[in-house]
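Thank you all for coming; I would like to walk through one structure with you this morning. Please have the sequence and the model open as I speak.

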Amino acid sequence: MTEHAEAIEADLLRYYGVDILDYHRGLLSARRLRVLVQHLPRDAALVRAVRGEAADWGPTEHLLAVAADELAIGNWLFASAHTAESADRPERPQPIRRPGADSEADPEAGPAPDGGADAVDGHAAAATPEQIAAFFGAPAPRR
């Protein structure tokens, strides 16, 4: 509590109108102080001091980032499919950076399905026509 005492004091005044000195005066019980601190909103100074930038991201922000990332991937796939074979392919879009994620790493990219041997830039290697046909249960294309 002493590490973030100023943040706690500011939050108690801001959100509850309670002076931390009331605890020392015997007007605020330890239980009530604990309950008030435990239930501070995520934009409280204490939450920001403890969680850092992750305090800015709740479920809504994470869902919006996922939706934006998926939309960017869909647009990239469309553009890639409609690019002439002789032209350079568009670059894969970078996902929105999430709090706590390494800025260089792609938080959604996993290892390649075969253990990573064919991974390129952290992404799995493209599927072959035979693999795509097998996935959809169609006979393999003739060569």
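This is a predicted model: local features need pLDDT of at least 70, side-chain atom pairs count only at pLDDT 80 or more; totals for chains, interfaces and linings use all residues.

Arginine 89 touches Ser80 and Thr83, leaving aside residues up to four places away in sequence, where contact means heavy atoms within 4.5 Å. Residues are numbered from 1 along each chain as its sequence is written, and side-chain values use heavy atoms, with hydrogens and water left out.

Arginine 89 sits in the loop between α5 (59-81) and α6 (129-136), the helices being DSSP runs of H or I with at least four residues, numbered from the N terminus. With a relative accessible area of 47%, arginine 89 is partly exposed; on this scale, buried means under 20%, exposed over 50%, and partly exposed in between, using a 1.4 Å probe and protein chains only.

What does the side chain of arginine 89 reach at 2.5 Å? It is the backbone oxygen of serine 80. The C-alpha atoms of arginine 89 and alanine 79 are separated by 8.3 Å, although these residues are 10 apart along the chain.

Let me turn now to helix α1. This helix, residues 5-16, has 12 residues and reaches 16 Å from its first C-alpha to its last, close to the 16 Å expected at 1.5 Å a residue, where the expected span is 1.5 Å times one less than the number of residues. Its buried residues are Ala7, Ile8, Asp11 and Leu12. They lie on the same side of α1 because they cover an arc of only 130° around the axis, the arc being that of the directions from the helix axis to the C-beta atoms. An α-helix has 3.6 residues a turn, so residues three or four places apart point the same way. On the other side of α1, Glu6 and Arg14 are exposed, whereas α3 (30-38) and α4 (45-51) are included in what covers the buried residues. After α1 comes glycine 17, with a positive phi near 65°.

Conventions: Helices (H or I, at least four residues) and strands (E, at least two) are DSSP runs, numbered from the N terminus. A polar contact is a pair of N or O atoms within 3.5 Å; within protein, one must be able to donate a hydrogen and the other to accept it, and residues adjacent in sequence count only if both atoms are side-chain atoms.
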